[in-house]
Amino acid sequence: TSDELSTLNRALISELKSRRSAESARKRFLFKTGDKVSFSGRRGYTEGTIVRVKRKKAIVDVGHARNWDVPLSMLTAIR
């Protein structure tokens with residue numbers, strides 16, 4: 001029924017949010033200011049340097065006088 005589908009949808013959304021929050025919390029302690037990172041966004045693959053780590057996002061300097069607010073879940077460390 002529609003009610004059952006709505007309940008299932010709410011449960012799935014809740015689980016997804018919980019997993020994203022846990023991943024953000026884990027990555028928040030992995031990344032530090034000055035780390036080199038990469039991510040794939042609307043403009044394709046991009047590399048930059050973390051300027052600041054916030055609760056669920058990081059401000060990343062991508063050059064050309066641009067800083068982007070990127071979700072921690074999208075970031076990958078460059079070694």
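**Entry 1**

In which loop is R55 found? I looked this up in the predicted model, and R55 turned out to be in the loop between β2 (44–53) and β3 (57–63). I then checked its cover: R55 is exposed, because its relative accessible area of 66% is over the 50% cut-off. Next I asked which residues form a positive surface patch. The patch is made by K17, R20, R55 and K56.

**Entry 2: overall layout**

I stepped back to see the whole chain. The protein has one helix and five strands, and along the sequence I read them off as α-β-β-β-β-β. The radius of gyration is 16 Å, whereas the globule rule gives 12 Å for 79 residues, so the protein is more spread out than a compact globule. I also noted the span of the C-alpha trace, which is about 55 × 25 × 20 Å along the principal axes. How much of the protein counts as buried? I found 19% of the 79 residues in that class.

**Entry 3**

How many salt bridges does the structure hold? I found three, and I took them one at a time.

I began with E15 and R19, whose side chains meet in a salt bridge at 2.8 Å, N to O. Both residues lie in helix α1 (residues 2–30), and they sit four residues apart, about one turn of the helix. I looked up the accessibility of each partner. E15 is partly exposed, because its 38% falls between the 20% and 50% cut-offs. R19 is exposed, with a relative accessible area of 57%.

I moved on to E23, which forms a salt bridge with K27. Their closest N and O atoms are 3.7 Å apart. E23 and K27 also both belong to helix α1, with a spacing of four residues, about one turn of the helix. Is K27 buried or exposed? I have K27 down as buried, because its relative accessibility of 10% is under the 20% cut-off. E23 comes out as partly exposed at 28%.

**Entry 4: a salt bridge between distant parts**

My next stop was K54 and D69. Their side chains meet in a salt bridge, 3.2 Å from N to O. This pair links distant parts of the chain: K54 is in the loop between β2 and β3, while D69 is in strand β4 (residues 66–71), 15 residues apart. K54 is partly exposed at 26%, and D69 is partly exposed at 39%. The loop between β2 and β3 had already come up in my notes as the place of R55.

**Entry 5: a nonpolar patch**

I finished with the nonpolar side chains on the surface. Which residues form a nonpolar patch there? I found L5, L8 and L12, with about 310 Å² of accessible area together. L5 counts as exposed, because its relative accessible area of 58% is over 50%.

**Entry 6: notes to keep**

For the loop between β2 and β3 I am keeping R55 and K54, the partner of D69 in strand β4.

Methods: Residues are numbered from 1 along each chain as its sequence is written. This is a predicted model: local features need pLDDT of at least 70, side-chain atom pairs count only at pLDDT 80 or more; totals for chains, interfaces and linings use all residues. Side-chain values use heavy atoms; hydrogens and water are left out. Patches are made of residues with over 30% relative accessible area and no salt bridge: like charges are joined within 9 Å, nonpolar side chains (Val, Leu, Ile, Met, Phe, Trp, Tyr) within 5 Å. Accessible areas come from the Shrake-Rupley method with a 1.4 Å probe; for residues, only the protein chains shown count as cover. A salt bridge is a side-chain nitrogen of Lys or Arg within 4 Å of a carboxyl oxygen of Asp or Glu. Lys and Arg count as positive and Asp and Glu as negative; His and the chain ends are not counted. The place of a charge is taken as NZ of Lys, CZ of Arg, CG of Asp or CD of Glu. Helices (H or I, at least four residues) and strands (E, at least two) are DSSP runs, numbered from the N terminus. Buried means under 20% relative accessible area, exposed over 50%, partly exposed in between (1.4 Å probe, protein chains only). The radius of gyration is taken over C-alpha atoms; the globule rule is 2.2 Å times the number of residues to the power 0.38.
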